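Here is a short briefing to read alongside the model. Keep the 3D view open and follow along as you go.

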Amino acid sequence: MLVLAFDTATPAVTAAIYDGARVLAESTTIDARRHGELLIPAVQAVLREAGATPRELTAIVAGTGPGPYTGLRVGLATAQALAAAAQVPAYGVCTLDALAHAADMSRPFIAATDARRKEVFWARYAADGTREAGPFVDRPHDLPAELPVIGAGGLMYAEVIGPHRVRSAPEHPSAGALAEIAAARIAAGAELDPPLPIYLRRPDAQEPGAPKRVTA
């Protein structure tokens, strides 16, 4: 098994190669404005470090969000294009699942990322990282009370959520965690989701309406 995974649903542009037992190479750059510029070089870098070629891959996995429309679209379109070129299947995994997978928790918790507009994308997880509810988009003060919160969404709004509830790590999703989740599901014969985006609201950009009538 050789899995290429990447995620562009948050400010972290992250890519990794996973062989079914360990992460062979991983690259992460935090830059919310350059997903399109950074992703392919990151993919090339991890393939080179792992000593692998696209033809040796058995699967390509992309984070499906939720996340801002533009960044999310970059990763998912790239996954489908690379999968077609390499003639391997492409799968999708919820970005919040990757964030939760990397957490070291002993009780149920919330994983949250920045949704902009003073909101967060979030989901509730069991202590072992299994998603129990979500994903959702809400104001930070609407998150379920008392549960600890991981992720950049919690850190950004720690004063609203309660500093005692917010954990400092992990802040962003890891492509290595994304690959581990997908590889475990593939090995177990479980059905994986297609690489399609999780949109919880309409994009900021809107189609222009009909021009206004000009009257004399």
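The points below go through strands, helices, cores and aromatic pairs in turn.

This is a predicted model, in which local features need pLDDT of at least 70 and side-chain atom pairs count only at pLDDT 80 or more, while totals for chains, interfaces and linings use all residues. Residues are numbered from 1 along each chain as its sequence is written, and side-chain values use heavy atoms, with hydrogens and water left out. Helices (H or I, at least four residues) and strands (E, at least two) are DSSP runs, numbered from the N terminus.

- Strand E1 (residues 3–7) is largely enclosed by the rest of the structure, because 5 of its 5 residues are buried; buried means under 20% relative accessible area, exposed over 50%, and partly exposed in between, with a 1.4 Å probe and protein chains only.
- In a regular strand the side chains alternate between the two faces of the sheet.
- In E1, Val-3, Ala-5 and Asp-7 point one way, while Leu-4 and Phe-6 point the other way.
- E1 runs antiparallel to strand E2 (residues 12–18), with 5 bridges joining them; two strands pair if DSSP finds at least two bridges between them.
- With strand E4 (residues 59–63), E1 pairs in the parallel sense over 4 bridges, and here Leu-4 stands opposite Ile-60.

- Strand E6 (residues 109–116) is mostly covered, with 6 of its 8 residues buried.
- E6 and E7 run antiparallel and are joined by 7 bridges.
- Their hairpin has 2 residues between the strands, and Arg-117 in the turn has a positive phi of about 55°.
- Arg-116 has Glu-119 in E7 as its bridge partner.
- Glu-119 lies in strand E7 (residues 119–125) and is buried at a relative accessible area of 17%.
- Leaving aside neighbours within four places in sequence, the contacts of Glu-119 include Asp-114, Arg-139, Tyr-157 and Arg-201; contact means heavy atoms within 4.5 Å.
- E6 also pairs with strand E9 (residues 149–150), in the parallel sense over 2 bridges, where Val-149 is the bridge partner of Ile-110.

- Which backbone oxygen does the side chain of His-35 reach? It is that of Thr-8, at 3.4 Å; a polar contact is a pair of N or O atoms within 3.5 Å, where within protein one must be able to donate a hydrogen and the other to accept it, and residues adjacent in sequence count only if both atoms are side-chain atoms.
- His-35 lies in helix H1 (residues 35–50) and is buried, with a relative accessible area of 8%.
- Helix H6 (residues 175–187) has 13 residues and reaches 18 Å from its first C-alpha to its last, close to the 18 Å expected at 1.5 Å a residue; the expected span is 1.5 Å times one less than the number of residues.
- Ser-174 caps the N-terminal end of H6, with a side-chain oxygen 3.1 Å from the backbone nitrogen of Gly-176.
- Just after H6, Gly-189 takes a positive phi of about 75°.

**Nonpolar cores**

- The largest nonpolar core has 25 residues, and Leu-4, Phe-6, Ile-17, Val-43, Leu-57 and Ile-60 touch the most other members; such a core is a set of buried Ala, Val, Leu, Ile, Met, Phe, Trp, Tyr and Cys residues joined through side-chain atoms within 4.5 Å.
- E1, E2, H1, E4 and helix H2 (69–86) each supply at least two residues of this core, and H1 gives the most, with 6 residues.
- A second, separate core of 14 residues includes Leu-178, Ile-181, Ala-183 and Leu-192.

**Aromatic pairs**

- A search of the whole structure finds 3 aromatic pairs; rings of Phe, Tyr and Trp (its six-membered ring) pair if their centres lie within 6.5 Å, and planes under 30 degrees apart count as stacked, over 60 as edge-to-face and the rest as tilted.
- One of them is the tilted pair of Tyr-69 and Tyr-199, at 5.3 Å centre to centre and 35° between the planes.
- This pair links helix H2 to the segment after H6, 130 residues apart.
- Tyr-69 is partly exposed at 32% relative accessible area, and Tyr-199 is partly exposed at 37%.
- Trp-122 and Phe-136 form a tilted pair too, at 4.8 Å centre to centre and 45° between the planes.
- Trp-122 counts as buried at 7% relative accessibility, whereas Phe-136 is partly exposed at 33%.
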